[in-house]
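Student: Could you walk me through reading strands, salt bridges and surface patches in a model?

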Amino acid sequence: THEYKVSSFEQRLISEIEFRLERSPVEESDDDVQHDENATGTGVVPFFDSKLKHYKVFEGMPVTFSCKVIGDPKPKIYWFKDGKQISKRSEHYRISRDADGTCNLHTAAASLDDDGNYTIMAGNPEGRVSCTGRMMVQAVNQRGRSQRSAPGHIRRPRSRSRDSGDENENIQERHFRPHFLQAPGDLIVQEGRLCRMDCKVSGLPTPDLIWQLNGQTIRPDSAHKMLVRENGVHSLVIEPVSSRDAGIYTCIASNRAGQNSFNLELIVAAKEMHKAPSFIEKLQNTGVAEGYPVRLECRVSAVPYPQIFWKKENESFTHNTDRISMHQDNCGYLCMIIQPAMKEDAGWYTVSAKNEAGIVSSTARLDVHTQWQQPNTPKPKKVRPSTSRYAALTERGLDVKAAFFPDSSPLQPGGLVESDDL
């Protein structure tokens, strides 16, 4: 048994599994742990003091995944293989937990079917956490040499090729069993997108290819097409991908001399929710005395977070200046601060929010009036009193960042973009 480092692709697959598991219902865990689900807020979310490792093993070897879980109250523990829960009554896997929180999953002899991702999830009323270890099981063939697995890809055991060609016949020069020169690894594709699986195969006579999903032969239809290009690359193209397309794909190439095949898994990720921007609070018409600060503010809601554009009439604001600054926080609050306001600032201001799902704008007028004041009248404070948490301003000059945004930063330079769509 030796440890190995997973590829970034395998890590994406693992993250996808963990994301789903931490949000899914589970069967009952260890019998000795009971939780009062109402007692939240007083404990500690589970965390891993040590995590599972990734192992590369030959079939028949013993393997133990081990990690240490801490949490209050004592977390319930759940084990999964490739996203499916392992029963605590399993004959093949022995599951145990020590008093110090060390959790083990042991198999006495790894089989090719054990190849996969093993996830442990710990849960208590405060929350859930998971970590994953990968077991790559390599076959040992009759000559005692291992079949090397292609680096960087999760491979299920290749079906052993049935070689029906007789090596000793004279026609052996003209008959070659199919051999895959190029084959894809496992894939994660977002629902509604295009998925393409490319492979290249050699063999004489030219092999015929069939594609299967979970053992059923795929027939071409409006969403599934099989192509062959001049350079000998065969492709299965699925567009649009739906959740029904998820599963284990097998490509079988056969000719008179024999056959060969490869497998891969397609995971279909759920479509991301997109919500067009909309204003919870729009810009309001505002008036200010010349020489005083003023704030134009609004609140927007959108998924994903939108790009923000500010304009005055047809002039775009692309960056902050000493006098005019634009701010936003991660809750959709937007504001422009003008300090001090001058006569030429009067006019119509528009703020627009745009994401992939749409664009929305709000417009309001700013009036800047001359002060009509007796010389001996005390100067009013710089900003009107307001219940807003962004308005704790002092009359001795103003730290805008601290006053408006105790817990967020002003827009980074370059965060505003001028858009042709506005």
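Predicted model: local features only at pLDDT ≥ 70, side-chain atom pairs only at ≥ 80, totals over all residues.

Student: Let's start with strand β23. Which strands does β23 pair with, and in what sense?

Tutor: The general idea for a strand is this: in a regular strand, side chains alternate between the two faces of the sheet. Here, β23 (residues 307-312) pairs with β27 (residues 347-355) in the antiparallel sense over 6 bridges. β23 also pairs with β24 (residues 315-317), again antiparallel, over 3 bridges.

Student: How many residues lie between β23 and β24 in the hairpin?

Tutor: There are 2, and E313 in that turn has a positive phi of about 50°.

Student: Is β23 mostly covered or mostly open?

Tutor: Mostly covered: 5 of its 6 residues are buried.

Student: What does the side chain of N320 contact in the backbone?

Tutor: A polar atom of the N320 side chain lies 2.8 Å from the backbone nitrogen of M326. N320 sits in the loop between β24 and β25 and is partly exposed, at 29% relative accessible area. Its C-alpha atom is 9.5 Å from that of M336, 16 residues apart along the chain.

Student: Now salt bridges. How many does a search of the whole structure find?

Tutor: It finds 8. In the E10 and R134 salt bridge, N and O are 3.1 Å apart. E10 lies in helix α1 and R134 in strand β10, so the pair ties together parts 124 residues apart in sequence. E10 is buried at 2%, and R134 is buried at 0%. With D115, these two residues are linked in a network of salt bridges.

Student: Which residue forms a salt bridge with D345?

Tutor: R323 does, with the closest N and O atoms 2.7 Å apart. D345 is in the loop between β26 and β27, and R323 in the loop between β24 and β25, so this pair ties together parts 22 residues apart in sequence. D345 is buried at 4%, whereas R323 is partly exposed at 23%.

Student: Finally, which residues form the nonpolar patch on the surface?

Tutor: They are V44, F47 and I70, with about 220 Å² of accessible area together. F47 belongs to strand β2 (residues 44-50) and is partly exposed, with a relative accessible area of 37%.

Definitions and conventions
Residues numbered from 1 in each chain as written. Heavy atoms only, no water. Buried < 20%, exposed > 50% of the residue type's maximum accessible area, 1.4 Å probe, protein only. Helix = DSSP H or I, 4+ residues; strand = E, 2+ residues; numbered from the N terminus. Pairing = 2+ DSSP bridges. Polar contact = N/O pair within 3.5 Å; in protein donor to acceptor, adjacent residues only side chain to side chain. Patch = residues over 30% accessible without salt bridge, like charges linked within 9 Å, V, L, I, M, F, W, Y side chains within 5 Å. Areas by Shrake-Rupley, 256 points an atom, 1.4 Å probe, with all protein chains shown as cover. Salt bridge = Lys/Arg side-chain N within 4 Å of Asp/Glu carboxyl O.
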